[in-house]
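Student: I'd like to work through this model with you. Shall we start with the terms?

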Amino acid sequence: KIQKKEIEIDAICSDYKQTVYMKTYWPLFKNINPFTLAVSAVVRNEKGDFLIGKREISMNNYPNYYELVGSGNLTCKHSPEIQLTIELKEECNIKTKDIKNIEFIGLVIDNKANIVDLCYEVLVAGCKLPKKTAEYDKLQFVANKTLANIQKSEAFVPTTMSLLSLYL
């Protein structure tokens with residue numbers, strides 16, 4: 001069972017290029033490191049299967065790793081929920097009409113990549129996935145047991161590992 005808590009975050013929102021610049025030139029003696037604020041999803045279909053994808057080898061962070069699909073940098077233009085729907089459309093052709101529910105789960109911090117993810121559970125129905133996209137070499141819905149078997153032999157993005165610990 002997932003325990004829900006309300007949170008409040010004080011943060012400066014900037015575009016991606018500025019964040020990369022800040023990470024490169026931020027004075028380390030302040031003991032403050034800038035981070036990228038992002039959104040991530042645990043997408044499940046009506047059977048309860050998880051949407052996973054194997055990241056393309058050309059990706060900057062975690063190439064060739066598996067992850068729960070539906071993630072991206074949070075922009076100043078949209079709420080996290082709207083940004084997540086944009087990412088789902090862009091990454092795997094899930095349309096707004098296919099999304100039945102979006103619910104906040106919590107925060108996951110990736111210290112290696114300096115990313116803080118606002119994480120959501122997304123229920124979808126009736127969507128048709130492409131087999132391959134610009135970001136993913138492979139997209140598929142998988143059952144719990146199948147996902148557990150894939151986890152034994154493949155590398156997964158740290159955020160995905162944290163989120164899956166809530167379910168498996």
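Tutor: Helices (H or I, at least four residues) and strands (E, at least two) are DSSP runs, numbered from the N terminus. This is a predicted model, so local features need pLDDT of at least 70 and side-chain atom pairs pLDDT 80 or more, while totals for chains, interfaces and linings use all residues. Residues are numbered from 1 along each chain as its sequence is written, and side-chain values use heavy atoms, without hydrogens or water.

Student: Which pattern does the chain follow along the sequence?
Tutor: Count the elements before ordering them. There are four helices and seven strands. Read along the sequence, they give α-β-β-β-β-α-β-β-β-α-α.

Student: What share of the residues of the chain counts as buried?
Tutor: Set the cut-offs before counting. Buried is under 20% relative accessible area, exposed over 50%, partly exposed in between (1.4 Å probe, protein chains only). Of the 168 residues in the chain, the buried share is 41%.

Student: Which residue takes a positive phi just after α2?
Tutor: Look in the loop between α2 and β5, where Asn93 is found. Its phi is about 60°, although Asn93 is not a glycine. The residue just after α2 with that positive phi is Asn93.

Student: Is Asn93 buried or partly exposed?
Tutor: Its relative accessibility is 27%. By that value, Asn93 counts as partly exposed.

Student: Where does Asn64 lie?
Tutor: Asn64 has a phi near 70°, a positive value in a residue other than glycine. Asn64 lies in the loop between β2 and β3.

Student: What is the relative accessible area of Asn64?
Tutor: Asn64 is partly exposed. Its relative accessible area is 36%.
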